[in-house]
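Let us walk through this model together, one region at a time.

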Amino acid sequence: MSRALDPTRAPGSGVRGWHRPLVAFAAAMGLWAVVCVVGLVVDQRTLAADPIWAKPLKFSISLALYALTLAWMLSLVRRPVLRRIGWWAGTIGAGASLLEIAVISIQVVRGVGSHFNVSTPTNQLFYQLMAGGVTLMYCATLLVGAAVAVFSTVQDRAVAWALRIGLVVALVGLSVGFLMVVPTTAQLADPASGTYGSHSVGGDDASGGVPFLGWNTVHGDLRVSHFIGMHALQVLPILALALPRTMPAATRLRIVVVAGATYAAVTAIALWQALRGQSVVRPDGLTIGAVGVVLVLVATWAAIATARTRHQLATRRR
């Protein structure tokens, strides 16, 4: 095995030490995203009221972000055995993600849906292949995340906790996808139904959606919490890395923990809202109240933290 592909070698410095198969996959997704943009322009077909090339474009961007995140996380693992396991987990995750985007893209070319489509034996096969790819990607994220969050020696406590909290929230967000494959009552009542599962709660997936994202504007949509939750693995570490190094370490850590708790609460509220069959763009009093409680708690913490910091600065000046 060449040095470039040796999963047991010592971590490299900078991007050169990142997991290369995942970086290569992310680059491929960047190129495919450009192809999808061209598809949006030249191909006017729609599917479930959305431009047919919107789905592969969204998945290309999302998978590229995920691949780069996992590639970076694997560069933080120090133990040789865990690096070997992580290398294979990352490589399998990249392959599984490639399988998923390939199925989605093939179905776009064919002009049919990829998710929940069991209308023909061919569509059933593609759906099963995609489901297998998603499951493998979920397991790869769990293994890589656990290796980094539990066993790596990240010196910066804010970054370490951003990774830990981000992993938990991301796995919850990814797990929402398993709720989508549960058939609806109407599908179970119709043996001839060509659809098995749904993004929506309380209605169908063709009821109209938020531009580009496609989230249902009439009924509940599980994709909202799925999207928000899974990208905690990018948002929280980026926040931790963006905080000024001149800020006290304890303050940076508190900010990350509060941000993580807030992010988890928003994910939970989005899931709760969807399960009640309520559209993300039409919140009721309960949803607005829950968001308000979170905002009040965050504002209260910010006020207390600011007052404490000012008091400490004033004490030092005396």
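Phe-178 sits in helix 5 (residues 157-180), where helices (H or I, at least four residues) and strands (E, at least two) are DSSP runs numbered from the N terminus. Leaving aside neighbours within four places in sequence, Phe-178 is in contact with Thr-135 and Tyr-138, contact meaning heavy atoms within 4.5 Å. Its C-alpha atom and that of Gly-197, 19 residues apart along the chain, are separated by 9.7 Å.

Before going further, a word on how to read all this. This is a predicted model, in which local features need pLDDT of at least 70 and side-chain atom pairs count only at pLDDT 80 or more, while totals for chains, interfaces and linings use all residues. Residues are numbered from 1 along each chain as its sequence is written, and side-chain values use heavy atoms, with hydrogens and water left out. The pLDDT, which is the predictor's confidence in each residue from 0 to 100, averages 86 over the chain, and 91% of the residues score at least 70. Among the elements of the chain, helix 1 has the highest mean pLDDT (95) and helix 6 (residues 185-189) the lowest (82). Over residues 1-13 pLDDT stays under 50, and the model has 21 contacts beyond four places in sequence for them. Where pLDDT is low, the predicted coordinates should not be read in detail.

Now turn to helix 1 (residues 20-42), whose 23 residues reach 33 Å from the first C-alpha to the last, close to the 33 Å expected at 1.5 Å a residue; the expected span is 1.5 Å times one less than the number of residues. Which residues of helix 1 are buried? They are Leu-22, Phe-25, Ala-26, Met-29, Ala-33, Cys-36 and Gly-39. An α-helix has 3.6 residues a turn, so residues three or four places apart point the same way. The buried residues of helix 1 pack against helix 2 (54-74) and helix 3 (80-110).

Of its 48 residues, Leu-22, Tyr-66, Leu-70, Met-73, Leu-163 and Leu-233 touch the most other members. Helices 1, 2, 3, 4 (121-151), 5, 7 (223-230), 8 (232-242) and 9 (249-275) are the elements that give two or more residues to this core, and the largest share, ten residues, comes from helix 5. Leaving aside neighbours within four places in sequence, Leu-163 is in contact with Trp-72, Met-73, Leu-76, Val-148, Val-154, Leu-233 and Pro-237. Apart from this core lies another, of twelve residues, among them Ile-104, Tyr-127, Met-130 and Leu-271.

Grid points are joined across faces, edges and corners, and a volume is the space filled by probe spheres set on the points. The largest pocket has a volume of about 750 Å³. Of the 31 residues that line the largest pocket, Phe-59, Glu-100, His-115, His-226 and Met-230 lie nearest its centre.

The second largest cavity holds about 70 Å³ of space. Leu-22, Phe-25, Tyr-66 and Leu-70 are among the residues that line the second largest cavity, and helix 2 gives the largest share of that lining, four residues.

Finally, look at the loop between helix 3 and helix 4, where Phe-116 is found. Phe-116 has a positive phi of about 65° although it is not a glycine, and at 4% relative accessibility Phe-116 counts as buried. Just after helix 3, Gly-111 takes a positive phi of about 80°.

Methods
Buried < 20%, exposed > 50% of the residue type's maximum accessible area, 1.4 Å probe, protein only. Core = buried A, V, L, I, M, F, W, Y, C linked by side-chain atoms within 4.5 Å. 1 Å grid on protein atoms, 1.4 Å probe; cavity = no way out; pocket = protein on both sides within 12 Å on 5 of 7 lines; lining within 4 Å.
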